[in-house]
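The following note concerns the pockets and one surface patch of the model shown below. The points are set out for discussion.

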Amino acid sequence: MPPLTNITADWRPSDPVYQLLGQHNIPRDFIDDQVAEFVMYWMERGGKEHAWGNKFAKHVLHEWRRHEIQLAQGQSMHIMFSAWQPQQRAFDILARDGISQQFAQDQLPEFVLYWMDRRDVSNTWNTRFIAHVRYKAASNQTSATKNSSIREQLTDRTWATGGGNGIPKL
């Protein structure tokens, strides 16, 4: 039996691993897409194995089955398109957070443009939209707080009257 070894950053599956996975009709690009995540995971864990190829093949088979189940359930991945609209459920969730539907709608063009430019595919656009709107709402609150603090500082005249800062009134 080969000795236990750590995985290395340059580890790649061998030809027999590709052949084995090919027998399951798993596309080579799908297999290649799994390598970086697999290597990083096991480098961070520091695990030792006799046969990294075997462990990788099991990982890819598991991910491929998950992918096939998602496709069968109709949860296929979609690219963002210009006419995309969030489902009403997304607005309902945001409303529970105190975010108006109008504010959320105002964020939609930027959200759509960003994801169209990236050309990412996803089956969770509504979830991503909710996260984007929450982030924008929090940023607006932070910005409003900062602006009021600056405004208060600029209009604060307590320094002129010795208002509690240890400077005696003249």
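Helices (H or I, at least four residues) and strands (E, at least two) are DSSP runs, numbered from the N terminus. This is a predicted model, in which local features need pLDDT of at least 70 and side-chain atom pairs count only at pLDDT 80 or more, while totals for chains, interfaces and linings use all residues. Residues are numbered from 1 along each chain as its sequence is written, and side-chain values use heavy atoms, without hydrogens and water.

1. The largest pocket holds about 300 Å³ of space. A pocket here is an open set of points on a 1 Å grid over the protein atoms alone, where a 1.4 Å probe fits, with protein on both sides within 12 Å along at least five of seven lines; lining residues have an atom within 4 Å of a point.

2. Helix H3 (52-72) and helix H2 (28-45) each supply at least two residues of that lining, and H3 gives the most, with five. Among the lining residues are Phe30, Asp33, His59, Arg66, Met77 and Asn123. By class, the lining of the largest pocket has two nonpolar, five polar and four charged residues.

3. In the second largest pocket there is about 220 Å³ of space. Of its 17 lining residues, Gln87, Thr124, Trp125, Asn126 and Thr127 are the closest to its centre. Helix H6 (125-155) is one of the contributors of at least two residues, and H6 provides the largest share, four residues. Eight nonpolar, eight polar and one charged residue make up this second lining.

4. Strand E3 (residues 78-79) contains Ile79. Together with Met77 and Val121, Ile79 forms a nonpolar surface patch with about 240 Å² of accessible area.

Notes: Patch = residues over 30% accessible without salt bridge, like charges linked within 9 Å, V, L, I, M, F, W, Y side chains within 5 Å. Areas by Shrake-Rupley, 256 points an atom, 1.4 Å probe, with all protein chains shown as cover. Salt bridge = Lys/Arg side-chain N within 4 Å of Asp/Glu carboxyl O. Points joined across faces, edges and corners; volume = space filled by probe spheres on them. Nonpolar A, V, L, I, M, F, W, Y, C, P; charged D, E, K, R; others polar.
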